Amino acid sequence: MTDNKALSGIRILDMTHVQAGPTSSQLMGFLGADVIKLESPVGDATRGQLRDIPDADSLYFTMLNCNKRSITVNLKNEKGKEIFTKLIESCDVVMENFGPGVLDRLGFGWENVQQINPRIIMASIKGFGTEGPYAAFKAYENVAQAMGGAMSTSGFFDGAPVVTGAQIGDSGTGVHLMAGILAALLQRERTGRGQYVECAMMDCVMNLVRVKWRDHQRLTRGPLPEYWHQEFEEFTPRAGNDSGGGQLGNAIQCKPGGPNDYLYIVVQEHVWQALAKRVGGDELVSDPRFAKIEDRRANQGEMWDLLTEFASTYTKRELMEILNEIDVPCGPIMSTTDLANDEHVKLREMYLELDHPERGKWYNLGCPIKLSDSPVEVTRSPLLGEHTDEILGDVLGYDTNAIDDLKEAGAFSRPPRRK
Ligand SMILES: CC(C)(COP(=O)(O)OP(=O)(O)OC[C@H]1O[C@@H](n2cnc3c(N)ncnc32)[C@H](O)[C@@H]1OP(=O)(O)O)[C@@H](O)C(=O)NCCC(=O)NCCS
């Protein structure tokens with residue numbers, strides 16, 4: 001972790017928990033930062049959530065906390081506060097995603113942290129930020145999706161709002177936070193000062209549904225022709241699987257008709273003729289219902305029906321091959337099993353086998369950010385408090401006797417002895 005990586009030399013005090021923060025600090029760890037995960041003596045709640053193996057850290061935890069060291073510190077204990085203060089003095093970044101007011105109650109709000117170390121960058125995720133009518137509320141992924149406009153714009157036009165599988169409220173906010181931290185580190189190069197970086201989950205979800213705001217404003221000028229089957233009100237409606245961009249697109253069912261036997265096809269304007277020829281010969285090429293993009297928009301339903309009929313004799317992979325030959329952008333709907341066995345995914349190191357002392361072999365996703373001079377080595381998540389002594393000794397300079405005294409005073413608890 002300390003060799004020559006993009007973020008080598010950057011030490012992060014990672015107080016984040018659950019998903020939104022840990023995904024951000026894990027990315028920083030992938031890029032080479034020394035991430036010290038500071039947990040309460042009982043640990044991040046996700047260690048025990050959705051457990052698949054009794055007494056082992058859950059996959060929820062292990063998949064979000066690789067490339068980190070773990071220290072437990074009781075921040076409600078005076079000696080624990082002393083350790084925390086020393087850690088703030090020794091780190092470049094402190095990250096947290098506690099509920100509103102938690103750090104102030106502990107005596108470590110931004111003003112105090114900055115006083116302890118003016119060079120430190122403090123990065124916070126909150127559901128709704130630190131000010132405004134919603135500031136006092138807690139938030140989880142789906143709350144952010146609900147309040148950031150993702151749910152009202154996902155699902156089918158005649159169905160209920162739908163949560164997306166992509167964790168845009170948690171992981172999406174984590175990626176935003178990392179961008180903010182990196183920018184603050186660069187600014188510190190010039191100013192010598194740290195600063196406070198804040199990402200609200202609601203803001204980040206709004207940012208990720210940006211194109212729906214394009215449609216929100218277009219609606220004031222009339223209906224949105226690329227949305228299939230719509231009656232419009234004054235808000236951006238749910239678009240089902242409609243493309244949402246300038247090109248028409250949809251998920252087309254293939255054989256044998258299973259839940260993921262679909263190919264997403266984008267009917268890019270300049271591939272229409274080749275696609276029409278392959279699907280319905282010269283007759284379809286000259287069919288006036290689909291002659292121009294406006295005609296295809298207006299007669300979308302019939303166009304999707306024709307493509308569905310054509311697709312019914314092919315699997316999604318066969319159809320993908322046919323369409324790739326004529327340069328039609330398309331992609332099979334990949335199940336998690338499809339992806340876990342996919343050669344491309346393996347080659348990109350996006351699904352990696354790791355070992356863990358409690359759970360044995362398991363898999364984590366790799367780092368999606370590829371740097372040519374900073375290759376990523378994914379290392380397993382730490383056990384609770386696994387590196388407490390190491391960090392107290394190597395980073396803070398406590399000797400063995402002092403560490404024992406701190407433990408005696410209730411500053412931390414050593415992890416239970418493992419069988
Ligand atoms: C996720 C969330 C809803 C969880 O709420 P929660 O379980 O009630 O936890 P909170 O963060 O509010 O509080 C944590 C408590 O643990 C305590 N704690 C945390 N670390 C500690 C430590 N090292 N030592 C002692 N106590 C500690 C805090 O002091 C706080 O106690 P308090 O309520 O007495 O002040 C909330 O943290 C939140 O809204 N976070 C911001 C939004 C977010 O990131 N959500 C995404 C989650 S994926």
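# Reading the fold from the ligand outwards

Biologist: Which elements each supply at least two residues of the shell around the ligand?

Modeller: Helix H1 (20-30), helix H4 (102-106) and strand S5 (121-126) each give two residues or more to that shell. Helices (H or I, at least four residues) and strands (E, at least two) are DSSP runs, numbered from the N terminus. This is a predicted model, in which local features need pLDDT of at least 70 and side-chain atom pairs count only at pLDDT 80 or more, while totals for chains, interfaces and linings use all residues. Residue numbers start from 1 along each chain, as its sequence is written.

Biologist: How many residues surround the ligand, and which are the closest?

Modeller: A residue is near a molecule if its C-beta atom, placed from the backbone, lies within 6 Å of it. Here 22 residues surround the ligand, and the closest are Val18, Ser40, Asn97, Gly99 and Lys138. The largest share, 3 residues, comes from H4. By type, the shell divides into 10 nonpolar, 7 polar and 5 charged residues, where Ala, Val, Leu, Ile, Met, Phe, Trp, Tyr, Cys and Pro count as nonpolar, Asp, Glu, Lys and Arg as charged, and the others, Gly among them, as polar.

Biologist: Stepping back, how many helices and strands are there in the chain, and what domains does the assignment give?

Modeller: The chain has 17 helices and 11 strands, and its C-alpha trace spans about 85 × 45 × 40 Å along the principal axes. Domain bounds come from an automatic or database domain assignment, which gives domain 1 (11-207 + 342-408) and domain 2 (241-328). The centres of domain 1 and domain 2, taken over C-alpha atoms, are separated by 43 Å.

Biologist: What part of the chain do buried residues make up?

Modeller: A residue is buried if 20 or more other C-beta atoms lie within 10 Å of its own, exposed if 12 or fewer, and partly exposed in between, with C-beta atoms placed from the backbone. On that count, 36% of the 419 residues in the chain are buried.

Biologist: Which residues touch the most other members of the largest nonpolar core?

Modeller: In soluble globular proteins, nonpolar side chains tend to be buried together. A nonpolar core is a set of buried Ala, Val, Leu, Ile, Met, Phe, Trp, Tyr and Cys residues joined through C-beta atoms within 7 Å. The largest core has 58 residues, of which Ile12, Leu13, Val93, Val94, Met201 and Val205 touch the most other members, and helix H8 (residues 201-208) gives the most to this core, with 5 residues. A second, separate core of 19 residues includes Cys254, Trp304, Ala311 and Leu319.

Biologist: Which residues of helix H16 are buried, and what do they pack against?

Modeller: In H16 (residues 388-395) the buried residues are Thr388, Ile391 and Leu392. Seen down the helix axis, they fall within an arc of 95°, so they line one face of H16; the arc is that of the directions from the helix axis to the C-beta atoms. Two residues are in contact if their C-beta atoms, placed from the backbone, lie within 7 Å, and the buried residues of H16 pack against strand S2 (34-39), strand S3 (68-72) and helix H17 (400-408). After H16 comes Gly397, with a positive phi near 80°.

Biologist: Where is Leu50, and is Leu50 buried or exposed?

Modeller: Most residues other than glycine have a negative phi, and most peptide bonds are trans. Leu50 has a positive phi, near 55°, and sits in the loop between S2 and helix H2 (59-62). Leu50 is exposed because 9 other C-beta atoms lie within 10 Å. Asp327, not a glycine, has a positive phi of about 65°; its place is the loop between H13 and strand S9 (330-332), and it is exposed, with 12 other C-beta atoms within 10 Å. As for peptide bonds, the one from Lys255 to Pro256 is cis, with omega near 5°, and Pro256 belongs to the loop between strand S7 (248-253) and strand S8 (262-267).

Biologist: Why does Ile322 count as partly exposed, and which residues does Ile322 touch?

Modeller: Ile322, in helix H13 (residues 316-325), has 18 C-beta neighbours inside 10 Å and therefore counts as partly exposed. Not counting residues up to four places away in sequence, Ile322 touches Arg278 and Tyr314.
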